[in-house]
Amino acid sequence: MAEEQKKEQELETELNQAGTEETEEQKPSGGSAFEGIYERLPDISIRSLDRFILLCVIALVLVIVIGVLKANHVLG
């Protein structure tokens with residue numbers, strides 16, 4: 001029985017090592033910083049995600065512009 005357990009443990013370690021090698025190969029190398037994010041998000045088109053990011057940037061710019069105008073007493 002001890003031999004069977006050793007064989008099972010050896011098989012498990014081999015499978016684990018093979019699994020980690022596959023996951024390391026699947027990681028994207030180089031490229032855009034957003035490529036990894038796009039691959040991790042399920043069922044979301046890249047176009048809709050890009051639009052959401054664009055809307056967030058536009059909203060941030062508007063908040064900054066409104067704050068500067070209020071600081072200079074242009075807006076009430």
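Visitor: What does the secondary structure of the protein come to, in helices and strands?

Guide: Helices (H or I, at least four residues) and strands (E, at least two) are DSSP runs, numbered from the N terminus. Here there are 3 helices and 0 strands. From the N terminus on, the order is α-α-α. This is a predicted model: local features need pLDDT of at least 70, side-chain atom pairs count only at pLDDT 80 or more, and totals for chains, interfaces and linings use all residues. Residues are numbered from 1 along each chain as its sequence is written, and side-chain values use heavy atoms, without hydrogens and water.

Visitor: How many of the residues count as buried?

Guide: Buried means under 20% relative accessible area, exposed over 50%, partly exposed in between (1.4 Å probe, protein chains only). Of the 76 residues, 3% are buried.

Visitor: Which residues form the negative surface patch?

Guide: A patch takes residues with over 30% relative accessible area and no salt bridge, and joins like charges within 9 Å. A salt bridge puts a side-chain nitrogen of Lys or Arg within 4 Å of a carboxyl oxygen of Asp or Glu. Asp and Glu count as negative, and the charge of Glu is placed at CD. In this model the patch consists of Glu3, Glu4, Glu8 and Glu12. Glu8 belongs to helix α1 (residues 2-26). Glu8 counts as partly exposed because its relative accessibility is 49%.

Visitor: What is Leu69 in contact with, leaving aside its neighbours within four places in sequence?

Guide: Contact means heavy atoms within 4.5 Å. With those neighbours set aside, Leu69 touches Val74 and Leu75. Leu69 sits in helix α3 (residues 46-71). Its relative accessible area is 30%, so Leu69 is partly exposed.

Visitor: Which residue has a positive phi although it is not a glycine?

Guide: Most residues other than glycine have a negative phi. His73 has a positive phi of about 60°. His73 lies in the segment after α3.

Visitor: Why does His73 count as exposed?

Guide: His73 counts as exposed because its relative accessibility is 71%.

Terms used:
Patches are made of residues with over 30% relative accessible area and no salt bridge: like charges are joined within 9 Å, nonpolar side chains (Val, Leu, Ile, Met, Phe, Trp, Tyr) within 5 Å. Accessible areas come from the Shrake-Rupley method with a 1.4 Å probe; for residues, only the protein chains shown count as cover.
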